[in-house]
Amino acid sequence: MADHTQPHKKSHIEHEVVPVLDFGSQTAQLICRRVRDAGVFSVLVAPSITAEELKAMNPKGIILSGGPSSVTDDNAPTMDPAILELGIPILGICYGMQLTCHLLGASLHKAPHREYGRAQLTIASNGDADSIFTAVPEQTQVWMSHGDQISDLNKAHMTPIASTDTCPYAAVRSTDPSHNFIGVQFHPEVTHTPHGVDIFRNFLYETCDCTGTWKMSAYAEEEIVRVRELVGDRKVLCGLSGGVDSSVVAALLHKAIGDQLVCVFVDNGLLRNKERDLVEHTFQDHFKIDLRVADASKEFLDDLAGVEDPQVKRKRIGHRFIEVFKEAANDIDGADFLAQGTLYPDVIESGHGHSGNSANIKLHHNVGGLPEELGFELIEPLRELFKDEVRALGTVLGLPDSIVWRHPFPGPGMAVRVLGEVTPEKLVIVRNADEILLEEIVAAGLYRKTSQVFAVLLPVQSVGVMGDGRTYERVIAIRAVETQDFMTADWARIPFDVLARISTRIINEVPGVNRVVYDISSKPPATIEWE
């Protein structure tokens, strides 16, 4: 059985890096993204990492994340105190600030006034302000989320550099030359702190002396070289779905190994209108990639006949996909590697990243466990990237915007957008409604402003009137959401005139539909998909 731990993978932490110690914050990934957006590579690491292990990464700086615990709780996460003696610049955020001050001798107490939400920060004007606040207004809005506060700063050899009305130590810095530490009680990583980006850039470039080497063009070049060295003269099999992740993987691998890449696209009969045509045109005609199309539409639809339960739908589709993919793979000689579009959040959530605090949230096998089924060695060239970085890489590789900026599409396809039993007639209805919806969203300039937009065919019928006759026909629901990470999402405020055009066109142009409704549910409590 092949080893799936990627022993050949050269990590980008060999370059300029700022690791983030993850104390369980919901926004720890967002900290990494802010650092990378500023041009510096960043990874999450477990707080149990030792000072020596951290030093071996040769970091330009270190960031300590927030977290849900109180420093004084039993079993509260802590860190190796020797990290503070490395002389490397450290930025502590919320819990990270409190923990550091506590380790250095400051006291911690429950605040008389808890701060949750927006607060007005006042930056010190007496000469104690730090370069961390360069170009930040003296009065600025920040986002707070804490119930504890630090006191006795003198014992920790700290001085305050910013405050709020209820938090005198909203930002601090060390006065001890051996401790290169800055702490902020607020969260600069969230959008509710408007000058948070400036604070990160100041820390990275003013305090850590970073040069900004993290660029997608450089990443592409490094990955191309790595893949060539790893693969040699063997072949790589790539399961191509037409989505952003698998498309970027295919484009990168083709630049690296050319005709040694073989892509397999499974047509399950549950795709959007013209989906297969787009994939074939992009990868066969434009990139000249060896693309094998396995048309198993009939088999998938036969498996779904009479099935209404969404979980049973997903399982049957997953099992059939494995069978079809295995059969296609058996026809390809010399393929020792399987390429997958695993992203950095997938790695973190499945417990295989540097950080130990987000372990085992969920398992990710982008092609249904096929590495274990077929004995492939995995290649995952996107496993250090966030979604927005994947899109940037796709642009660097020359993928068209129609692929790079595609909204996500579920693995089970339209099967989970037809509520209840899936039939060919219902698929035609939901496909045509979805196509009209997306045409109008694009025409209104809203496609990139929304994160996911789609139509759902509901398992109900409603009374209507068309001309002088009574109708009893189907109902289409429209779902449009805005989100940064797809863990939470809010419904998109589509202008009424756009919704009106969408509704009118669907009712007029899609036979069998006489009513359109708009889903205004957020996630949570609702999920993005209906099934």
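Helices (H or I, at least four residues) and strands (E, at least two) are DSSP runs here, numbered from the N terminus. By that scheme, alanine 119 is found in strand 5 (residues 107-123). We're looking at a predicted model, where local features need pLDDT of at least 70, side-chain atom pairs count only at pLDDT 80 or more, and totals for chains, interfaces and linings use all residues. Residues are numbered from 1 along each chain as its sequence is written, and side-chain values use heavy atoms, with hydrogens and water left out.

Let's stay with alanine 119 for a moment. Its relative accessible area is 12%, so it is buried (buried means under 20% relative accessible area, exposed over 50%, partly exposed in between, with a 1.4 Å probe and protein chains only). Leaving aside residues up to four places away in sequence, alanine 119 touches Thr140, Gln141, Val142, Met144 and Thr164, where contact means heavy atoms within 4.5 Å. Lysine 298 is 179 residues from alanine 119 in sequence and 59 Å from it in space, C-alpha to C-alpha.

Now for the helix pairs. Two packed helices are described by the angle between their axes and the distance between the axes. The axes are lines fitted to C-alpha atoms, for helices over the stretch in contact, and angles run from 0 to 180 degrees between N-to-C directions.

| Helix pair | Angle | Axis distance |
|---|---|---|
| Helix 14 (residues 424-443) and helix 15 (residues 496-509) | about 150° | 9 Å |
| Helix 6 and helix 12 (residues 387-396) | about 40° | 10 Å |
| Helix 5 (residues 216-231) and helix 12 | roughly 75° | within 9 Å |

Angles under 35 degrees count as roughly parallel, over 145 as roughly antiparallel, 65 to 115 as roughly perpendicular and the rest as oblique. Helix 6 is therefore oblique to helix 12, helix 5 is roughly perpendicular to helix 12, and helix 14 and helix 15 are roughly antiparallel to each other.

What does helix 12 meet in helix 5? Met216, Ser217, Tyr219 and Ala220 of helix 5 meet Glu389, Ala392, Leu393 and Val396 of helix 12. That contact splits into six nonpolar, one polar and one charged residue (Ala, Val, Leu, Ile, Met, Phe, Trp, Tyr, Cys and Pro count as nonpolar, Asp, Glu, Lys and Arg as charged, and the others, Gly among them, as polar). Over in helix 6, Val244, Asp245, Val248 and Leu252 meet Lys387, Val390, Arg391, Leu393 and Gly394 of helix 12.

Leu393 turns up again in the largest nonpolar core. Of its 112 residues, Leu21, Ile63, Phe133, Val236, Leu253 and Leu393 touch the most other members. A core, in this sense, is a set of buried Ala, Val, Leu, Ile, Met, Phe, Trp, Tyr and Cys residues joined through side-chain atoms within 4.5 Å. Helix 6 (residues 244-257) supplies the largest share of this core, nine residues. There's also a second, separate core of 48 residues, which includes Ile332, Leu427, Ile502 and Val516.

Alanine 135 isn't a glycine, yet has a positive phi of about 70°. This alanine 135 sits in the loop between strand 5 and strand 6 (139-151) and, at 68% relative accessibility, counts as exposed. Aspartate 209, in the loop between helix 4 (196-207) and helix 5, has a positive phi near 60°.
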